[in-house]
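Here is a short report on how one chain packs. The sequence and model come next.

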Amino acid sequence: MTANLKWREDFGQRLKILMLKAKIKQKDFADLLRCSQAFVSAAISGRSVFTAEQFAMVFDILANGGIEDQELNELQRMFIEARANIGFEQMIISPQDIDPLKQLITEDLDALTQKQLKELYRVIERMKNANIDQMAANAGI
């Protein structure tokens with residue numbers, strides 16, 4: 001396993017295990033994600049990584065397949081590591097870099113349920129997409 005693919009490979013192997021637990025085949029998974037089976041296979045092998053939007057769908061599919069919150073949270077951590085290509089322990093944020101509003105929001109996140117967190121994630125994605133659309137409009141694209 002090469003160091004630059006480690007996080008992706010770890011994520012892919014965990015995803016494969018959870019797909020087996022949920023009794024979801026790669027073909028069915030690809031159909032639900034509206035992507036090719038080859039892409040799902042590449043994600044499982046660590047050659048590719050899902051987009052944030054695709055991962056939100058992966059999360060929902062597995063949750064609906066009976067996978068427990070603890071396992072879903074672990075997969076989410078592994079997804080972030082795969083996207084960043086570094087482990088959580090290497091993602092050091094010094095306290096002075098956090099603004100007070102972000103700190104309050106972070107503390108409130110701990111009180112949300114898994115369902116609320118998923119909805120919040122969708123809202124954030126919509127906000128980011130709206131921001132990209134506005135920047136494109138401002139650029140005349």
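## Model and burial cut-off

Buried means under 20% relative accessible area. The model is predicted.

## L18 in helix α1

L18 lies in helix α1. Its relative accessible area is 0%, so L18 counts as buried.

L18 touches L62, I67, E71 and L75, with residues up to four places away in sequence left out. L18 and G66 are 48 residues apart along the chain, and their C-alpha atoms are separated by 9.6 Å.

## The nonpolar core

In soluble globular proteins, nonpolar side chains tend to be buried together. Here, the largest nonpolar core has 26 residues. Those with the most contacts inside this core are F11, L15, F29, F50, V58 and L62. At least two core residues come from each of α1 (6-21), α2 (26-33), α3 (37-45), α4 (52-64) and α5 (69-84).

Take V58. Leaving out residues up to four places away in sequence, V58 touches L15, F29, L33, F50 and L75.

## One side of α2

Which residues of α2 are buried? They are F29, A30 and L33. These residues cover an arc of only 100° around the axis, so they sit on the same side of α2.

The buried residues of α2 pack against α1, α3 and α4. R34 follows α2 and has a positive phi, near 60°.

Methods: Residues numbered from 1 in each chain as written. Predicted model: local features only at pLDDT ≥ 70, side-chain atom pairs only at ≥ 80, totals over all residues. Heavy atoms only, no water. Core = buried A, V, L, I, M, F, W, Y, C linked by side-chain atoms within 4.5 Å. Buried < 20%, exposed > 50% of the residue type's maximum accessible area, 1.4 Å probe, protein only. Helix = DSSP H or I, 4+ residues; strand = E, 2+ residues; numbered from the N terminus. Contact = heavy atoms within 4.5 Å. Arc of directions from axis to C-beta.
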